[in-house]
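Subject: Structure handover and notes on its salt bridges

Dear colleague,

Please read them with the structure open beside you.

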Amino acid sequence: MERVSGRHRRNFNLKGASVVGGAMAIVVVVSGTWFAYSQLADSKCTGSIPLTVAAAPEISPAVISAADAWSKDGGNVGGTCVSVAVTPVNPADMASAIAREHGVLLAGLGQADGTIQVPDVWIPDSSTWQLRLRNEASGFQPTKVTSVAQSPLVVAMPQPIAQSQKLEGKKVALASLLKAQLGSAEAAKFGIVNPAKDASGLTALMAIQQAASAGKGSVQALVSALTYLSKSRSELREELLAQFPKAADAATLSESLGAAPLSEEDVISYNAKRPPVELSAVYLDGSSVPLDYPFTVLPQVVDGQKISAAQGLLKQLTASSFKNELAGHGLRAPDGTYGAGFVAPIGAPSASPAITAAAGGGETGGTAAAGVDATAVSKVVGTWNATTQPGRVLAVFDVSGSMGDPVPTAGNQSKAQVTQKAAVTGLSLFSDEWAVGVWAFSTNMNGTKAWKQMIKVTPLASGRAAVADTIPKLNPKPDGNTGLYNTVRDAYNAAKASWQPGKANSVLLFTDGQNDNDDGISQQTLLEDLKKAQDPKKPIRLVLIGIGTEVDKGELKTISGAVKGSGVFIAEDPTKITDIFLQAIGSRTGVQ
């Protein structure tokens, strides 16, 4: 029987569907959800504790087998039988559903399908999903996070191409491989799955960004790599896999997808279908985060019996016998080794990097996200969005007198100079699909107005140089105060007046202080005006970035709270403005 629910990557031949062992145990499938429960004539357990599990499609068959085995063994908690229901669900879909329950959105995912229900236990393919949720929803605090499997990141290449480039069985740095492709007239088409929607794309981008940040011209190198990858991007992993060649002749190979960062399991699963052209897994040299399949008891589970039931299932998924079950589905154990029946690609290491620490928070076991924080993940998503997605932004810069204060961590350059450098970097990340406008604000900038337009919102495809020319002019006004309230209101209304469909419309405001404008409007007037100005048909995101330690976080959060989908981000060290800027684009809510 082959059946899974929701949007998924591939079909599975699920074992154990139907009656198993006569009256001893029963496993049934209803609408794509698998149930395992004890029906023992001589069982010592009674009643039923229902436990719902949503698992990434590729690991769900192994989870079902483990739940079935536990059921046949009389799985119970304190004498009460446990009923386990396992549903294969695409991690992006479940992440959207969980975000919906917490009243937030994850950047790049959109609204969740209303048919997807949040389970008791979630096993996505990567801890990066949890990190993104933690960053957006303060209430998302799982009580148990433990890896139950692993699949390292690889570069999947059609075997003829890998062999011709002498890469099969070799280890290469992903950034170096990309650089070689960029510099070759005969480069293979290199694709990626949208990092905002797929963990393999996200972890690949993390490796690329880390490598790019270590060299000279890092921003330009990163933009070049992302622009190149975006030309062959896919929204779903199965869509990308479908682009690999169906024949080995030179014409087909040159026209089809020639390389893509994916998981080792993707390559094994693809080749198991005996395609006309098999894939090689080119393993990566240098650090990269593998897919780590974290077993997660979700925060809404507070019933003691249900938590114990989840711990009982976890015990089955961390037993030594589960290693061989995983191997049969192309997955490794959490320590990076693999069991019997694993079809290792050429060059596969006997053990990929072991998982040694937790992803932070709650009662945790090991996950592969050790050393990776939520802000780093948001920065990666933000870089991708800036480089590849269309948008319109009105960038508003504080030029009050305090912006002339020195920044010790920047060789005593002024806050204005540091901000200008960050603005130059930020502008270079935006693709030509963006339109950018620039305002400067303080007090009495244009008569009694608190702000001055440096350039209207202008398409970068034709006006990038003109926009860039305004940045050196963002110099402090020695006697200027901070006309924050008037500026925020007027900037929001200006963005609304120039709003365009099909793009992310936003106001991005940088300030180092708090409102100080005797002739300006009150905070209450600002909040009322912002609420009146909002139009659900014309959403505008208001992003407030505080610079230094003199900003009033409470004031900024109050302003942001009046505009749905907006956020506050603080760069206490002004030299970190670029990082905070990218975090702001890649996440939604900012400081909690």
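Asp-125 and Arg-237 are both buried, and they form a salt bridge in which the closest N and O atoms are 3.1 Å apart. Please bear in mind throughout that the model is a predicted one.

Another buried pair is Lys-415 with Asp-512, whose salt bridge has its closest N and O atoms 2.7 Å apart. Here too distant parts of the chain are linked, for Lys-415 lies in helix α14 (residues 415–429) and Asp-512 in the loop between β23 (504–511) and α17 (523–533), 97 residues apart.

A further salt bridge joins Glu-101 to Arg-100, with the closest N and O atoms 3.3 Å apart. Glu-101 counts as exposed because its relative accessible area is 52%, which lies over the cut-off of 50%. Arg-100, by contrast, has a relative accessibility of 27% and is therefore classed as partly exposed, a class that falls between the 20% and 50% limits.

In total, the count for this model comes to 12 salt bridges, and the pairs described above are among them.

Note on methods:
Residues are numbered from 1 along each chain as its sequence is written. This is a predicted model: local features need pLDDT of at least 70, side-chain atom pairs count only at pLDDT 80 or more; totals for chains, interfaces and linings use all residues. Side-chain values use heavy atoms; hydrogens and water are left out. A salt bridge is a side-chain nitrogen of Lys or Arg within 4 Å of a carboxyl oxygen of Asp or Glu. Buried means under 20% relative accessible area, exposed over 50%, partly exposed in between (1.4 Å probe, protein chains only). Helices (H or I, at least four residues) and strands (E, at least two) are DSSP runs, numbered from the N terminus.
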